[in-house]
Amino acid sequence: MPLWLIVLIKSAILLFIVVTSFAYAMLAERKVMGWMQLRPGPNRVGPWGLMQPAADAAKLILKEDLAPRTADPLLYRLAPFVSLLTAFSVYAIIPFDVTSAGTWSIGNVNAGVLFLLAITSLGVYGISLGGWASGSKFPLLGSVRSTAQMISYELGMGLALAGVLLVAGTTSLDGIVSAQRDLWFFIPQFVAFVVYVVTAIAETNRVPFDLVEAETELVAGFHTEYSGLRFGLFFIAEYVNMLTVSCIASLLFFGGWNAPFGWTWLPGIVWFLLKVAAFMFFYIWLRATLPRFRYDRLMAFGWKVLLPIATLNVVVTAVVIALKG
Amino acid sequence: MSAIFWVPAIVLVASAVWTVTASKPVYSVVALLLNFVALAVLFLTLSAEFLAMIQLIVYSGAILVLFLFVIALLSSGVAPLSLGPNRLPRIVAPAAICVAVALGLVLAGVATSHGIPAPPRAAYANAGSAGMPGVFGSVGDFGKALFTTYLLPFEVTALILMVAVIGTIVLAGDETPYVASRRRAEQNRKAMREAIAREGD
């Protein structure tokens with residue numbers, strides 16, 4: 001089979017898996033948050049509400065696609081696709097398992113971690129263009145906030161990942177995972193792990209960093225004017241980004257497909273998916289627990305706390321590695 | 001030369017033209033974003049993967065976002081930027097010709113003195129082990145060159161950027177508007193309390 005056909009088939013399968021996991025991540029979020037708040041959550045469509053994602057999708061597709069008269073016609077229509085494209089294209093390089101047949105991934109890039117950072121740094125365009133192109137004030141405020149927030153937290157995230165790269169001595173994702181065969185990196189790089197988790201939540205604009213939407217102040221933030229399928233695209237992008245940062249966390253800090261305690265009776269891909277699911281649960285748990293940051297505290301926290309800690313972590317890690325070898 | 005070169009190259013030139021001819025500043029930013037992405041793809045075909053990623057992270061992910069930030073704040077209405085008194089259009093054609101001639105001379109000079117370098121063939125497919133030094137364009141190779149051969153220019157650039165950062169802090173002052181307004185409110189409350197205390201006497 002030619003290479004492009006293999007890549008096409010792999011991409012189609014992975015796209016299907018990612019979209020399905022988006023649908024059930026959304027349902028899981030509503031269910032888990034419901035139980036945490038002592039209510040049942042969606043339970044009308046299908047057994048235990050399991051068909052709810054299909055009903056939601058049908059609703060979003062059938063809704064009218066509106067655009068304000070003041071909206072920029074080109075960018076208003078383009079922005080959701082930019083969000084979706086950057087959210088999905090990360091999966092081109094994420095490895096899921098290594099077996100005797102090779103690495104389970106679409107493409108194996110040497111500069112894998114850098115590619116991740118590059119693509120996530122492009123993710124801000126969907127939100128900021130969408131908010132600007134809506135041509136009304138709440139979306140504009142939401143998009144300006146998101147731009148400032150995502151730039152600020154990207155620095156901390158990059159530095160946190162730099163610590164992991166130093167310990168692993170490689171920038172390829174499967175190299176980093178195989179470097180964690182004996183010791184998962186959240187132990188030697190605990191500071192980097194904490195910084196990464198906080199910045200990842202901020203990058204995906206989730207509670208307590210969801211100032212981009214902040215329905216109590218900005219109606220719905222950058223997607224106030226979007227309806228129907230275009231709103232759905234932003235929605236998909238948000239959840240896919242959550243999945244992405246969970247995948248990165250388990251690849252870089254929790255040993256990816258390496259089994260804990262030598263429990264290899266489950267295949268590596270199952271361990272990887274379990275770790276991703278645990279992170280997704282952590283996300284939902286946070287949303288049900290924490291209130292929203294105030295905007296100035298958010299910026300101060302990013303620049304005056306996270307960034308210095310991450311920088312110090314890189315310096316200390318580099319010195320320790322230089323002294324060791 | 002294959003599609004992997006021609007497609008990004010055409011996108012690169014077209015988006016550069018769009019950047020300077022766009023009617024709205026935000027369109028220019030989008031065109032420039034397209035330009036940077038196409039340039040990163042071209043870097044990848046030359047197996048300079050580290051440069052390609054840094055091109056995306058620094059230029060598209062940070063600098064251009066700030067452009068968008070400023071433009072979104074300044075032109076929040078979507079009316080096209082009106083043309084002010086501007087003599088630029090009259091010198092565009094001669095300037096373009098001059099630049100084209102200059103670039104042509106430089107290219108001709110490089111080509112005659114060094115010969116046109118052949119791009120490394122399928123360099124990406126047989127690149128060595130991940131990120132290790134010795135692989136052309138890899139992270140290790142790039143870092144080694146940066147911190148040995150080009151150490152002085154690298155440090156001077158870092159110093160210049162540092163000066164710019166310090167200058168920004170000096171210009172912006174040490175008080176954010178929020179802190180200043182909190183301080184004023186506190187002073188007002190204090191004055192109010194004192195006035196009430198005086199009334200009581």
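**Figure 1. Packing of helices H4 and H6 in chain A of the predicted model.** In this predicted model, helix H4 of chain A, which spans residues 112–122, and helix H6 of chain A, which spans residues 137–168, have axes that come within 11 Å of each other and cross at roughly 170 degrees. Because angles over 145 degrees count as roughly antiparallel, H4(A) is described as roughly antiparallel to H6(A). On the H4(A) side of this pairing the residues are A:Val113, A:Leu117 and A:Ser121, and the residues that they meet in H6(A) are A:Glu154, A:Gly158, A:Leu161 and A:Leu165. Sorted by class, the contact of H4(A) with H6(A) is made up of four nonpolar residues, two polar residues and one charged residue.

**Figure 2. The contact between chain A and chain B.** Chain A brings 27 residues to this contact, and chain B brings 24 residues. On the side of chain A that touches chain B, at least two residues are supplied by each of H4, helix H5 (124–133) and H6 of chain A. By class, the residues on this side of chain A comprise 13 nonpolar, eleven polar and three charged.

**Figure 3. Helices and domains of chain B.** Chain B contains seven helices and zero strands, so that, in the sense of helices as DSSP runs, its pattern along the sequence reads α-α-α-α-α-α-α. Two domains are assigned in chain B, with domain 1 covering residues 1–75 and domain 2 covering residues 150–201, and the centres of domain 1 of chain B and domain 2 of chain B, taken over C-alpha atoms, are separated by 36 Å. Chain B has 201 residues, of which 19% count as buried.

Figure 4. A second residue, B:Gly109, is 68 residues apart from B:Val41 in sequence, and in space the two are 26 Å apart, C-alpha to C-alpha.

Key
Residues numbered from 1 in each chain as written. Chains lettered and ligands numbered in written order. Predicted model: local features only at pLDDT ≥ 70, side-chain atom pairs only at ≥ 80, totals over all residues. Helix = DSSP H or I, 4+ residues; strand = E, 2+ residues; numbered from the N terminus. Buried ≥ 20, exposed ≤ 12 C-beta atoms within 10 Å, placed from the backbone. Domains from an automatic or database assignment. Axes fitted to C-alpha atoms, helices over the stretch in contact; angles between N-to-C directions. Parallel < 35°, antiparallel > 145°, perpendicular 65-115°, else oblique. Contact = placed C-beta atoms within 7 Å. Nonpolar A, V, L, I, M, F, W, Y, C, P; charged D, E, K, R; others polar.
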